[in-house]
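Welcome! Take a look at the two chains below, then work through the exercises one step at a time.

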Amino acid sequence: MSQLFPKSANKLPLQIIIFLIVFAAVVTAATTYYATPEYTRVGYAPVQPVPFSHALHNGQLGINCRYCHSNVEKTGFANIPTSQTCMNCHNQIKADSPLLAPVRASYESGNPVPWIQIHQVPDYVYFNHSVHINRGVSCVECHGQVNEMETVRHEKSLSMGFCLDCHRDPAPRLRPLDKITDLNWTPAQMAEHDKWAADFIARNKIAPPQSCTGCHR
Amino acid sequence: MSADSTTATFDDAPRSRDSAHVHHASEHPRPAILDEVNPARLPRATLVEHGRSFNWITEKICGIIEGKTPAWWWVCFITAAFVASWTVMGLIYLVSTGVGVWGHANPVNWAWDIVNFVFWIGIGHAGTLISAILCLLRQKWRTSINRAAEAMTIFAVVCAAIFPVFHIGRIWFAWFLFPIPNSNYIWQNFRSPLEWDVFAVSTYGTVSVLFWYVGLVPDLAVLRDRFFNAGKKIRSWFYGLFAMGWRGSNRHWSNYEMAYVILAGVSTPLVLSVHTIVSFDFAVSLLPGWHTTIFPPYFVAGAIFSGFGMVLTLMLPLRAVFKLEDLITQYHIDCMCKITLATGTIVGYAYAMEFFIAWYGANPYEGFTFINRAFGPYAWAYWIMISCNVITPQLFWFKKIRRNTALVWILSIFVNVGMWFERFVIIVTSLARDFLPSSWGYYSPSVVEIFTFFGTFGVFSVLFLLFIRFLPIMPMAEIKAVTPQADGHAHSHH
């Protein structure tokens with residue numbers, strides 16, 4: 001039927017197969033790169049109403065995380081400090097800085113500073129900060145080295161896979177409780193960390209849930 | 001001793017044991033009982049009647065596609081499309097609102113959706129049986145019904161797939177059913193028969209489409225050439241595209257035959273495995289009434305039973321409308337009725353055996369379940385099932401009934417009604433009366449559910465009407481091969 005189809009049509013099946021293989025590969029690669037939390041969440045760093053620098057307050061001045069996020073060890077929710085906490089110092093230091101105007105306004109009115117939330121787990125996920133902090137999981141494991149950030153950015157993917165990586169094998173991510181807020185500390189600084197971690201897990205009966213209902217209650 | 005000597009006489013071979021006796025017997029051979037062996041002649045049924053020529057077959061089958069679209073086709077198509085819109089609207093409403101628009105509630109969380117899924121999947125089985133098992137068993141009467149039955153299989157799988165997919169509620173997560181690596185680390189539970197179902201049904205759908213398509217290729221080429229010669233280039237181009245350059249050369253036919261037999265071999269286990277796995281959805285659970293080992297064979301027999309019911313429902317009107325009596329002969333109808341009778345009897349036996357085991361197993365919960373089925377709140381459904389599935393097929397014992405086409409058609413519809421009720425009885429009665437009497441309930445479908453289900457008959461009909469309008473409903477080459485004139489040995493005595 002050469003009148004109906006050109007001779008090049010003989011190559012069509014092969015061309016279609018090659019196209020489908022390439023197409024599937026491109027779609028897979030593009031989805032893996034662009035459509036996962038590694039791309040969609042990591043790097044999110046919104047401009048905040050006040051240019052608060054964690055690198056200055058925590059990294060240089062050494063104010064402990066828990067001075068501001070004061071409930072993180074005690075409750076499931078790691079609180080954002082009220083403007084009263086800021087004003088403890090800033091009624092003396094840089095008391096007239098125009099950059100701190102929203103903090104002073106909040107202090108006077110009682111309305112909170114409209115900080116933009118960066119780290120957020122979905123509503124169907126139960127996450128308890130105190131449980132993690134009190135079992136030797138440092139802030140840095142999920143939030144990255146906030147002590148070096150001028151502007152806080154979303155450092156880790158916080159996908160379910162990210163959670164499960166640690167829940168399946170917590171030992172390498174655990175540290176002594178007195179190093180919890182030391183964001184520069186690494187297990188390499190400890191002699192025989194794995195031995196310590198095994199002992200720590202046994203003593204504290206650390207058994208992170210891997211069942212659905214552990215987090216999706 | 002006497003039996004041994006008889007054997008020795010027949011095969012006339014000396015044996016180490018009792019050789020003297022054998023020697024004695026061979027001296028006096030037993031006289032022949034008959035002077036002449038004259039075996040009864042059992043002529044094969046004629047599969048194409050009235051000595052129709054090859055040309056007649058081609059013209060007949062191609063004529064259906066080439067002729068003007070009949071008025072009845074448009075009436076049926078528009079009606080079917082309207083009915084199909086019920087399913088579409090029901091599903092849009094479900095997705096935009098939530099799965100709660102269906103009538104499921106504790107304790108009956110599987111109801112019409114799973115009933116409909118099993119019902120449609122079961123119907124598909126006749127197509128696969130005809131195309132695969134009957135092909136390997138060289139049942140030549142399959143040739144005039146296999147194309148339409150395979151189309152029926154594919155369209156039935158389409159209708160079946162709708163229900164479990166939409167039952168998950170959030171349809172956009174349907175890809176969770178497949179083992180695709182993802183950043184949520186969500187992985188399938190391969191110990192669950194529901195996951196086996198995903199693979200069983202998708203394999204079944206794929207192989208059925210392949211089988212159907214491979215069989216179509218030579219016929220598509222015929223249509224391509226005929227439309228080309230008639231000067232209809234566009235239609236010729238489309239048939240030519242799917243005929244993939246078929247020229248009917250010796251090599252083409254050789255490859256085709258090989259591919260067809262391989263696909264038949266691949267499909268044969270599927271006939272048995274798909275509904276076996278569907279039955280595992282129930283049998284692997286611990287619910288009384290579901291947790292029985294008889295389920296796989298019972299479900300497979302039921303599937304083939306319902307499938308042949310549907311083949312009869314579809315083929316008999318086609319035969320009448322297109323005047324295909326010479327190709328779908330009374331012998332074909334007899335064969336289909338007899339398979340329906342055989343599988344229907346197996347199903348009836350399974351119903352009886354379930355009751356027997358419930359009594360014999362002395363498990364009070366199992367016993368209660370079956371008493372409850374027959375005399376409980378859903379007794380009406382149980383007795384519809386029994387009358388349609390146990391009594392109806394027994395009528396096919398009678399030649400008079402098998403020869404009454406209109407009656408066979410009506411009975412075939414009863415078969416399908418009965419098989420729908422079978423799934424309803426199994427699924428709903430068992431769930432409505434679970435282990436805790438405090439949670440017992442009564443399930444009724446919602447309006448959305450009813451329209452979604454009846455709409456699938458529209459979906460099926462739309463697809464089937466398109467099939468009979470645009471594709472050859474019978475494999476021309478295969479039918480030609482079973483005509484009397486194609487048999488070169490017809491007059492020789494074997």
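What share of the contacts in chain B with a separation of 6 or more comes from residues 24 or more positions apart? For such contacts, residues 24 or more positions apart account for 82%. Two residues are in contact here if their C-beta atoms, placed from the backbone, lie within 7 Å.

A word on the model before going on: it is predicted, so local features need pLDDT of at least 70 and side-chain atom pairs count only at pLDDT 80 or more, while totals for chains, interfaces and linings use all residues. Residues are numbered from 1 along each chain as its sequence is written, and chains are lettered from A and ligands numbered from 1 in the order in which they are written.

**Exercise 1. Describe the make-up of each chain.**

Step 1: Look at the secondary structure. Helices (H or I, at least four residues) and strands (E, at least two) are DSSP runs, numbered from the N terminus. Chain A has eleven helices and zero strands, and chain B has 17 helices and zero strands.

Step 2: Turn to the dimensions. The C-alpha trace of chain A spans about 90 × 50 × 35 Å along its principal axes. For chain B, the C-alpha atoms fill a box of roughly 90 × 75 × 55 Å.

Step 3: Check chain A against a globule. Its radius of gyration is 25 Å, whereas a compact globule of 217 residues would have one near 17 Å. The radius is taken over C-alpha atoms, and the globule rule is 2.2 Å times the number of residues to the power 0.38.

Step 4: Look at burial. A residue is buried if 20 or more other C-beta atoms lie within 10 Å of its own, exposed if 12 or fewer, and partly exposed in between, with C-beta atoms placed from the backbone. Buried residues are 16% of the 217 in chain A and 37% of the 494 in chain B.

**Exercise 2. Follow helix 6 of chain B and its partner.**

Step 1: Compare length with expectation. Helix 6 of chain B has 25 residues and reaches 37 Å between its end C-alpha atoms, close to the expected 36 Å. The expected span is 1.5 Å times one less than the number of residues.

Step 2: See how covered the helix is. In helix 6 of chain B, 21 of the 25 residues are buried.

Step 3: Find the crossing. The axes of helix 5 (residues 112-136) and helix 6 (residues 143-167) of chain B come within 7 Å and cross at roughly 160°. Axes are lines fitted to C-alpha atoms, for helices over the stretch in contact, and angles run from 0 to 180 degrees between N-to-C directions.

Step 4: Name the arrangement. Angles under 35 degrees count as roughly parallel, over 145 as roughly antiparallel, 65 to 115 as roughly perpendicular and the rest as oblique. Helix 5 and helix 6 of chain B are therefore roughly antiparallel.

**Exercise 3. Explain how helix 9 and helix 10 of chain B are arranged.**

Step 1: Their axes, for residues 250-283 and residues 295-321, come within 8 Å and cross at roughly 125°. That makes helix 9 of chain B oblique to helix 10 of chain B.

Step 2: Pick out the touching residues. Among those of helix 9 of chain B are Leu272(B) and Phe282(B), and the helix 10 side includes Phe295(B) and Ala303(B).

**Exercise 4. Find where the chains touch.**

Step 1: The contact takes nine residues from chain B and eleven from chain A.

Step 2: Helix 7 (193-229) and helix 8 (233-243) of chain B each supply at least two residues of the side that touches chain A. Helix 8 of chain B gives the most, with three residues.

**Exercise 5. Visit some loop residues.**

Step 1: A cis peptide bond joins Asn106(B) and Pro107(B), with omega about 0°. Pro107(B) sits in the loop between helix 4 (71-97) and helix 5 of chain B.

Step 2: Is Glu192(A) buried or exposed? Glu192(A) is exposed, because 9 other C-beta atoms lie within 10 Å. Its phi is near 55°, a positive value in a residue other than glycine.

Step 3: Tyr185(B) also is not a glycine and has a positive phi of about 55°. Tyr185(B) lies in the loop between helix 6 and helix 7 of chain B, and counts as partly exposed, with 16 C-beta neighbours inside 10 Å.
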